[in-house]
Amino acid sequence: MPMNRPVATALAAALCLLTAACGSSSDGKAGDATAEAAASKTGYPVTLDNCGQKETFDKAPGRVVVMNGASVAEVSTLLALGLGDRIVANQQTYGNSEVPGRAEAIEKLPDGGVEQNDAFDVPRETMIGLRPDLVLSTTAYGFDEKNGFATRDQLKDAGARSYVSPQGCDQDTSKMTIADSYRLLRDMGKVFDVSDKAEELITASEKKIAAVADKVKGEKKPKVMVLFSNMSMGGNDFSSVVAKGIYNDILAEAGGANAFENASEGSFADLSKEKVAATDVDALVVIGYNDPDPAAYAEKLLKEFPQWPAARNSTYVTLSDSMYLGPSNDLAVERIARMLHPDAL
C-alpha cells in the first residue's frame, strides 16, 4: 500500500530496531547473519501455494479483511487461533455458533464501515481503501473482477496478500472434507506464526472425532437430510438441501449417511416437494444461517412430512458453524452422533 514518506521512513526505522536487520557492519555480513537468525526464529518468510499463486509473508499480517462468502470459516479460524485483533474488517457472520461466546465475539469485530455491493461483499474501491495486508475469501469468487471485487493482482499491487480457502479455487466445494478445515488452520498457523496453536487445535479435534467414530462403528447408518433453514437457492421448494461436501464427511464420522447424496453432482440439490416426500428420512440436520429459530423450521418440516421416520421420532438437531468448513467440526460430529446413536454415546 502506498504511504507518505515520513510514515514509510518511520516504519523502516522501527523494523530496523525490531529485527536488527540494519546492522552497522561495513561488509553487511553481521547484519545479514542477524536477519537470518531472526527469520529462522519466527519462521518467516512463509510461502503458500494458493490456487496456483504463490503468496509470501515476511511477517504476520496486521490488517486482515475477511470477506463474506456466506461463511464463517475464516473468521472462526482466526478467532480460534487468538488472532481477532488482526482483523480490521469482517463481513462474516452466522448469528449462531456451537462454540460458547463465538457468535458474540464475531459480532464485536470491526466491519470497517463497509457498504456491501450487489454481490453482498466488499467492493473493489472500498477494499483498497481499507489498506489490508491480507484478504481472506472462502472461494475465488471473492477476487473476481466481474463481481466488482479487487483481483488478487490488484491487491498485491496495493501491498496486500490474498488467500482462498481449501477447495475454493474453482468455486466447487463438493469435494470438501474435514481435512480441509485442518488445512485452513495449518495455513493460518504458518501465516501468523502460530503453528503450535494450530496443531494443538487439530490434534484435539482429531481425538474427539476418532473417539466418537469408534463408539458408533458398526452401527446402522440412518439416512439424514441436511439443509439450511429458511433459505432459497433455486427454483424448487427445497433448494438448500445438501448433497455433497464436508457435510457428508461429518455425517460419516457420526455414523450417518446423506439421504440426498445422489440428488446432485454439486454441493446442493434443488428438489421438488414430491422428491423430498418420496425419500425416507431418518433424521434431520438443520443448519441455521442467521436464523434465530432453526428448530421451528425443523418442527415445521416434520409436520409437513409425517411419513418420515424422523417425524415419528422427532429426530433432529440444529447446528450452525460447526457443520461447515472451520475449526469446530468435532462439535458437529458429536452432536449428530448423539442424535443418531444415543445408546452408543
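This is a predicted model: local features need pLDDT of at least 70, side-chain atom pairs count only at pLDDT 80 or more; totals for chains, interfaces and linings use all residues.

Visitor: Gladly! What makes up the protein, in helices and strands?

Guide: There are 13 helices and 12 strands. Of the 345 residues, 46% are buried.

Visitor: How do you know that the length of helix H13 agrees with its number of residues?

Guide: Helix H13 runs over residues 329-340, which is 12 residues. At 1.5 Å a residue the helix should span 16 Å, and its end C-alpha atoms are 17 Å apart, so the two values agree.

Visitor: Which residues of H13 are buried, and what do they pack against?

Guide: The buried ones are Asn329, Asp330, Ala332, Val333, Ile336, Ala337, Met339 and Leu340. They pack against the helices H7, H8 and H9, and against the strands S7, S11 and S12.

Visitor: Now for the aromatic rings. How many aromatic pairs are there in the whole structure?

Guide: A search finds nine aromatic pairs. One of them joins Phe238 and Phe305.

Visitor: Why is the pair of Phe238 and Phe305 called tilted?

Guide: Two rings pair if their centres lie within 6.5 Å, and here the centres are 5.8 Å apart. Planes under 30 degrees apart would count as stacked and over 60 as edge-to-face; these planes are at 55 degrees, so the pair is tilted.

Visitor: Where in the chain do Phe238 and Phe305 sit?

Guide: Phe238 is in strand S8, while Phe305 is in the loop between helix H11 and helix H12. The pair links distant parts of the chain, 67 residues apart.

Visitor: Why are Phe238 and Phe305 called buried?

Guide: Buried means under 20% relative accessible area. Phe238 has 5%, so Phe238 is buried. Phe305 has 1%, so Phe305 is buried too.

Visitor: What makes Tyr247 and Tyr324 a tilted pair?

Guide: Their ring centres are 6.5 Å apart, and the planes meet at 50 degrees. Tyr247 lies in helix H9 and Tyr324 in the loop between S12 and H13, 77 residues apart.

Visitor: How do you know whether Tyr247 and Tyr324 are buried or exposed?

Guide: We use the cut-off of 20% again. Tyr247 is at 5% relative accessibility, so Tyr247 counts as buried. Tyr324 has a relative accessible area of 14%, so Tyr324 is buried as well.

Methods. Residues are numbered from 1 along each chain as its sequence is written. Side-chain values use heavy atoms; hydrogens and water are left out. Helices (H or I, at least four residues) and strands (E, at least two) are DSSP runs, numbered from the N terminus. The expected span of a helix is 1.5 Å times one less than its number of residues. Buried means under 20% relative accessible area, exposed over 50%, partly exposed in between (1.4 Å probe, protein chains only). Contact means heavy atoms within 4.5 Å. Rings of Phe, Tyr and Trp (its six-membered ring) pair if their centres lie within 6.5 Å; planes under 30 degrees apart count as stacked, over 60 as edge-to-face and the rest as tilted.
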